[in-house]
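Thank you for making time this morning.

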Amino acid sequence: MGTIIKWGMAALIVHGALRASEAYWTYYAFRDAVQATAQFAGAMSEHDVHALVMEIAADMDIPVQPEQVTVRKGGNHTIVEASYVDRIEILPTYFRPWGFEVNVDALTVVIPKAQDLTPAQ
């Protein structure tokens, strides 16, 4: 009987760890996508970057609201901040709210267009 209880407890711990790791995996993928968006936001406006971040969040099923995302551009920096709360199933049928924050400060890369380049002489 003791072995069954131990196996049951181990299964619950593994279940919670897997569910939490799935949420963190999604968070890191979202953060990386936001980082890339900010880095290559060159000529885009703050509104365009905000819309792109919201599109990324929708594609990844991340429960972030538009008012939870702020975008600031200054000089060659793009700063994106976002926060959201996800529900993680720690135990079967027991969900716990878990907060995630994304803070990205990226140097903006402007990729020149072919017509803007002059051949070396």
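How many aromatic pairs does the structure hold? The structure holds 8 aromatic pairs, where rings of Phe, Tyr and Trp (its six-membered ring) pair if their centres lie within 6.5 Å, with planes under 30 degrees apart called stacked, over 60 edge-to-face and the rest tilted. Before I go further, please keep in mind that this is a predicted model, in which local features need pLDDT of at least 70 and side-chain atom pairs count only at pLDDT 80 or more, while totals for chains, interfaces and linings use all residues. Residues are numbered from 1 along each chain as its sequence is written, and side-chain values use heavy atoms, with hydrogens and water left out.

One of the aromatic pairs is that of Tyr24 and Tyr27, which is edge-to-face, at 6.4 Å centre to centre and with 85° between the planes. Both tyrosines lie in helix α1, 3 residues apart, about one turn of the helix; helices here are DSSP runs of H or I with at least four residues, strands are runs of E with at least two, and the numbering goes from the N terminus. Tyr27 is buried, with a relative accessible area of 11%, whereas Tyr24 is partly exposed at 28%, given that buried means under 20% relative accessible area, exposed over 50% and partly exposed in between, with a 1.4 Å probe and protein chains only. Tyr24 and Tyr27 also belong to one aromatic cluster, together with Tyr28, Phe30, Tyr84, Trp98 and Phe100.

Arg96 lies over the face of Trp98, at 4.9 Å from the ring centre, and Arg87 lies over the face of Phe95, at 4.4 Å from the ring centre.

Strand β2 and strand β3 (residues 94-107) run antiparallel and are joined by 14 bridges, pairing being assigned if DSSP finds at least two bridges between two strands. In their hairpin, which has 2 residues between the strands, Thr93 takes a positive phi near 70°. Strand β1 (residues 69-74) also pairs with β2 in the antiparallel sense, over 6 bridges, and Val71 has Val80 in β2 as its bridge partner. The hairpin of β1 and β2 likewise has 2 residues between the strands, and there Gly75 takes a positive phi near 60°.

Which residues have the most contacts inside the largest nonpolar core? They are Phe30, Val69 and Val80, in a core of 24 residues, a nonpolar core being a set of buried Ala, Val, Leu, Ile, Met, Phe, Trp, Tyr and Cys residues joined through side-chain atoms within 4.5 Å. The elements that give two or more residues to this core are α1, α2 (46-59), β1, β2 and β3, and the largest share, 6 residues, comes from α1. Leaving aside residues up to four places away in sequence, Phe30 touches Val53, Ile56, Ala57, Met60, Ile62, Ala82, Tyr84 and Val102, where contact means heavy atoms within 4.5 Å.

Let me finish with the charges. The count comes to 3 salt bridges, each a side-chain nitrogen of Lys or Arg within 4 Å of a carboxyl oxygen of Asp or Glu. Arg19 and Glu22 meet in a salt bridge at 3.8 Å, N to O, and both lie in helix α1 (residues 2-39), 3 residues apart. Arg19 meets Glu89 as well, at 3.7 Å, and this pair links distant parts of the chain, with Arg19 in helix α1 and Glu89 in strand β2 (residues 77-91), 70 residues apart. Glu89 is buried, with a relative accessible area of 17%, whereas Arg19 is partly exposed at 33% and Glu22 is partly exposed at 46%. Glu81 forms a salt bridge with Arg72, the closest N and O atoms being 3.3 Å apart, and here Glu81 is partly exposed at 32%, as is Arg72 at 43%. Salt bridges that share partners join Arg19, Glu22 and Glu89 into one network.

Technical notes
A charge sits over a ring if NZ of Lys or CZ of Arg is within 6 Å of the ring centre and within 35 degrees of the ring normal.
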